[in-house]
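Hi,

Here is the structure I promised to pass on to you.

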Amino acid sequence: MAAAVQDPNRAAVAFGRQAVPQLFEQLQQRDASCSLRVLTSLCDLVHEPERLYQIVTGGFIAQLQDLLKDEDPSVRTKTCELLHLLTSHSIGRLALLSSSLLPPLSVLLDDSSSSCRRNVHLVLNGLAQMPAGAQALLMLVPKLMLKLRQMEEEQEEEEVLLLSTLSSCSRLDPLPALASDGVPVLGHTLSHCSPNICREATEVLMALSVPEDGKRQVCEEQVLPVLMDLLQNGDLQVQTNAAGVIMNTVIITTGPSSCLVLLR
Amino acid sequence: MSRLSVLISHSLVALNGHDVGSALFYFLETVATTVEHLTASKQTSYLLRISANLNWIPVNKSWDGFRTMALPSYNLRDPNGMYTFSSRPRPVEIRSKYREPAPEQTQRQYGNIMYDRRVVRGNTFAQHPIPRVHPAKQQAFKRRSIARRQARVHLRTKSPEALQGRQHVDVQTELYLEELSNVIEATDIECQTDEFLDKPATPLFIPAKSGVDVGTQIEEGELFDFDLEVQPVLEVLVGKTIEQSLLEVMEEEELACLRTQQRVFQELRNNELAEVQRLQEQDRRRREEKELRVAQQKEALKKERETAEKIAAQAFSQQYLAGLLPSVFTSLRNHGYFYDPVEKDIEVNFLPWLMAEVNDQLKKRFVARELLDIIIYEASQKRLEEFNRLETRQDSSDP
């Protein structure tokens, strides 16, 4: 038989049940050069639900905590990618929540490598889709708002993911985001040209404008003119979300008056 | 017997060196020697017993059972009574000169015999065996040897001293003179191989042709028909691929369905949320309105009450103060604050004067009358007194 072609970027994978435990044992040895290869193989394996189940039930997730603090940014990126693949299943999400990996992940939000940050945002986004995950991420909302304020122009993907996470969290409980000056910051992001960002930002605004305080802030911060402009935007989602924000805002009395003023 | 002692000493040496094999050999050599030379006497029986016991010496005082098991030494008794000993060849163990007591289970560290210090080097012709003795014993040995030498010197008969002017000289008396020197003749012989020449390339070995030439040719279609054979393989491949892709597509569709469901739910939720908010807002407004109205009503009530109180107070005070003015005037008039000045003047000035004058007049008359009264009284009093006096005189005179 022809020998299996070894991809130099991947570690050798054992057969059957031993694949996952053996790879994690190799990770335990903390060999810098082979960690990346082992992680790549793991990422390939995790696409299969059985392996994912094995990882979750074998309790190997705690080992990943050390890898998140590794010095090599590519190792950190790969670990976050692995975690992102874990969040595609509900047991993975639950395991991720119950493990203590959220604090190290939140530390990695300020990482120097952009691909690492992107993967972290992917993980958080995946977690936030679940109500329990959104609940757990509510504590991170102030930090996320801070990151949003500091976001630069080139980091579009990260911004989109960040805004998506924020919208999921705010749908659950908009008060933390409101408390960290959510409405003004989002007003600034609305003037961004990219449709993805606009869509996500308007979604967050829609969630934020549910409580009365949010509605009042939307009127005060002069966000309504921007929203009116967005109603003529080309993207359907953007229009929908902008309309949603306006729908929420006009419920209070100052809403319609300011809108009518603007329409004139 | 000297040979015996030599053998015994050898065996002791060997035993001391824990080399029980050779010790045994030497010992049993002695047994053989004695058996050969002596009749069955007590000594032989003792020696035989010793040798018999030696066979069961705990050979592994410092050996391991493995060695004795794997490399057994066979001590056999020949039918002749000759002792034979055989053992597998073993390399000598490396042990330090001053040994530690009983090292456990040391791996066989076979040393290179070329570098073993126990192996004798060089010419063995004129060397003496190294006697292994304890230092204390060595001292005793030395002392004993010195003593023995002294004794021997004393016992040995010497040739008498040389006469004066003569000298004794040592001379060889054998037939052939021998050179007595410590210098050992030795010749050095060397041998050296020639330098290696470059070996020429070996010629290609082509064996001679033998046998019969046979040829064969596979025509097309003889082995297998590709189209027929490949069909099941292709079916499996294509089927698996399609199955996998169908699964993936189904998963994607399922995911898309889930997302659509989520979106629909979100829409419904948003609508409901808007409705909820509207109702909330409405409720809030209504509540505020109600509170406002209630407050207003309370205000109005309070004002009304105040007004009523004011009116009541006003009425009462009016009524209270209604008769004030006439009564004031009345009392003032009663107190004489409104007066006719002429009348007042007449009253104040004239009439008192008049009255005073009248009073004076009357007083005068009164005084006059008083005076008169007094005069009358006094007159009457005098008359009374007179009369009284007269009376008494009369009384006294009339007896």
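Predicted model: local features only at pLDDT ≥ 70, side-chain atom pairs only at ≥ 80, totals over all residues.

**Around R76(A)**

In chain A, the backbone oxygen of E71(A) lies 3.4 Å from a polar atom of the side chain of R76(A).

Residues are numbered from 1 along each chain as its sequence is written, chains are lettered from A and ligands numbered from 1 in the order in which they are written, and side-chain values use heavy atoms, with hydrogens and water left out.

Back to R76(A): its place is in helix α5 (residues 73–86) of chain A, where helices (H or I, at least four residues) and strands (E, at least two) are DSSP runs, numbered from the N terminus. With a relative accessibility of 10%, R76(A) counts as buried; buried means under 20% relative accessible area, exposed over 50%, and partly exposed in between (1.4 Å probe, protein chains only). Setting aside neighbours within four places in sequence, R76(A) has contacts (heavy atoms within 4.5 Å) that include L67(A), D70(A), L108(A) and C116(A).

**The rest of chain A**

Chain A has 18 helices and zero strands, and 53% of its 264 residues are buried. Of its contacts between residues at least 6 apart in sequence, 69% join residues at least 24 apart. In helix α15 (residues 212–220) of chain A, the buried residues are G214(A), K215(A), Q217(A), V218(A) and C219(A). Just after that helix, Q222(A) takes a positive phi of about 60°.

A62(A) sits in the loop between α3 (49–57) and α4 (64–68) of chain A and is exposed at 53% relative accessibility.

**Aromatic pairs**

Over all chains there are four aromatic pairs. Rings of Phe, Tyr and Trp (its six-membered ring) pair if their centres lie within 6.5 Å; planes under 30 degrees apart count as stacked, over 60 as edge-to-face and the rest as tilted. F316(B) and Y320(B) are stacked, because their ring centres are 6.0 Å apart and their planes at 20°. Both lie in helix α6 (residues 226–320) of chain B, four residues apart, about one turn of the helix. F316(B) is exposed at 53%, and Y320(B) is exposed at 62%.

F350(B) and W353(B) make a tilted pair, 6.0 Å centre to centre with 35° between the planes. They belong to helix α8 (residues 341–397) of chain B, three residues apart. F350(B) is partly exposed at 41%, as is W353(B) at 47%.

**Where the chains meet**

Ten residues from chain B and eleven residues from chain A take part in the contact. The two chains bury about 970 Å² between them, 54% of it on carbon and sulfur atoms; this is the accessible area (1.4 Å probe) that two parts lose on being put together, summed over both. Three residue pairs are in polar contact, both residues at pLDDT 80 or more.

Best wishes

Terms used:
Polar contact = N/O pair within 3.5 Å; in protein donor to acceptor, adjacent residues only side chain to side chain.
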